[in-house]
Amino acid sequence: MNNAKHPFDEADDADLLARMQRAPEVLEELKPLLAADGIDIHDLPNVDPDELSAAMTRAIERHQLEAHTPVGDARALTIDTVRDISEALYRQKTVQAEQILRSLQLEPTPSLPSTTHVSGLTLETLDSIYTNTKLRTALGIVRLPELSDATQAAAQDIQRAAMQGHAFHGRDNMVTTHGAHEIQRAALYLFAATAQAIAEHSKLQYKAVVTQLLESHTNPDQSA
């Protein structure tokens with residue numbers, strides 16, 4: 001799924017069944033998640049409307065979480081890609097970083113993760129960093145490079161949300177405001193700048209800090 005508004009979002013009980021029947025391709029994607037709640041998509045008219053609505057809400061939330069949360073080999077590939085982009089930004093090789101960004105697609109390839117996996121992992125990591133009280137001093141000064149007004153605004157919104165631990169779960173609202181591409185781009189620029197601030201404060205190599213942040217979400221700055 002992409003970041004567009006889900007066809008079942010904000011559907012009331014009266015028209016939920018009709019909406020579901022008009023979007024069979026999306027319903028098929030949700031089939032295993034609904035089945036886990038005891039809902040048979042081929043017998044929807046006989047399902048209690050309240051039960052159906054609750055099951056759909058849970059299925060959509062789980063589906064969106066899975067779309068933005070890479071696991072296994074997909075996670076390893078996503079980590080490698082975010083690391084490559086952030087290191088290029090750190091070394092001021094902006095053209096190289098932007099080339100990687102532009103090559104990302106909605107669906108993953110054998111060599112590149114999906115756009116949703118990159119955004120999801122980056123926002124998830126930023127939440128972990130900015131809610132880590134041990135890193136508070138290191139994050140006192142995070143210097144973003146010169147960015148367009150649009151990217152700057154998106155990065156500021158992401159940073160504010162991450163401080164509350166809400167960047168990952170608030171991504172849909174931020175995408176509605178800024179657009180999916182801008183959120184992905186801003187998140188990566190913010191992550192690179194944040195990792196640099198931690199590296200400088202802790203006097204550790206940037207690459208080591210990035211690796212630890214992405215792979216473990218633990219504090220690389222033991223002196224903070």
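**Exercise 1.** Find which residues are in contact with Leu126, leaving aside its neighbours within four places in sequence.

*Solution.* The model is predicted: local features need pLDDT of at least 70, side-chain atom pairs count only at pLDDT 80 or more, and totals for chains, interfaces and linings use all residues. Residues are numbered from 1 along each chain as its sequence is written, and side-chain values use heavy atoms, with hydrogens and water left out.
Step 1: take contact as heavy atoms within 4.5 Å.
Step 2: with that cut-off, Leu126 is in contact with Ile158, Ala162, Ala187, Leu190, Phe191 and Thr194.

**Exercise 2.** Determine which members of the largest nonpolar core touch the most other members, and which helix gives the most to this core.

*Solution.* Step 1: a nonpolar core is a set of buried Ala, Val, Leu, Ile, Met, Phe, Trp, Tyr and Cys residues joined through side-chain atoms within 4.5 Å; buried means under 20% relative accessible area (1.4 Å probe, protein chains only).
Step 2: of its 47 residues, Leu126, Ile129, Tyr130, Ile158, Phe191 and Ile198 touch the most other members.
Step 3: helices are DSSP runs (H or I, at least four residues) numbered from the N terminus. Helix 9 gives the most to this core, 13 residues.

**Exercise 3.** Describe how helix 8 and helix 9 are oriented to each other.

*Solution.* Step 1: axes are lines fitted to C-alpha atoms over the stretch in contact, and angles run from 0 to 180 degrees between N-to-C directions.
Step 2: the axes of helix 8 (residues 171–178) and helix 9 (residues 180–202) come within 7 Å and cross at roughly 115°.
Step 3: angles of 65 to 115 degrees count as roughly perpendicular, and helix 8 and helix 9 are therefore roughly perpendicular to each other.

Terms used: Helices (H or I, at least four residues) and strands (E, at least two) are DSSP runs, numbered from the N terminus. Angles under 35 degrees count as roughly parallel, over 145 as roughly antiparallel, 65 to 115 as roughly perpendicular and the rest as oblique. Buried means under 20% relative accessible area, exposed over 50%, partly exposed in between (1.4 Å probe, protein chains only).
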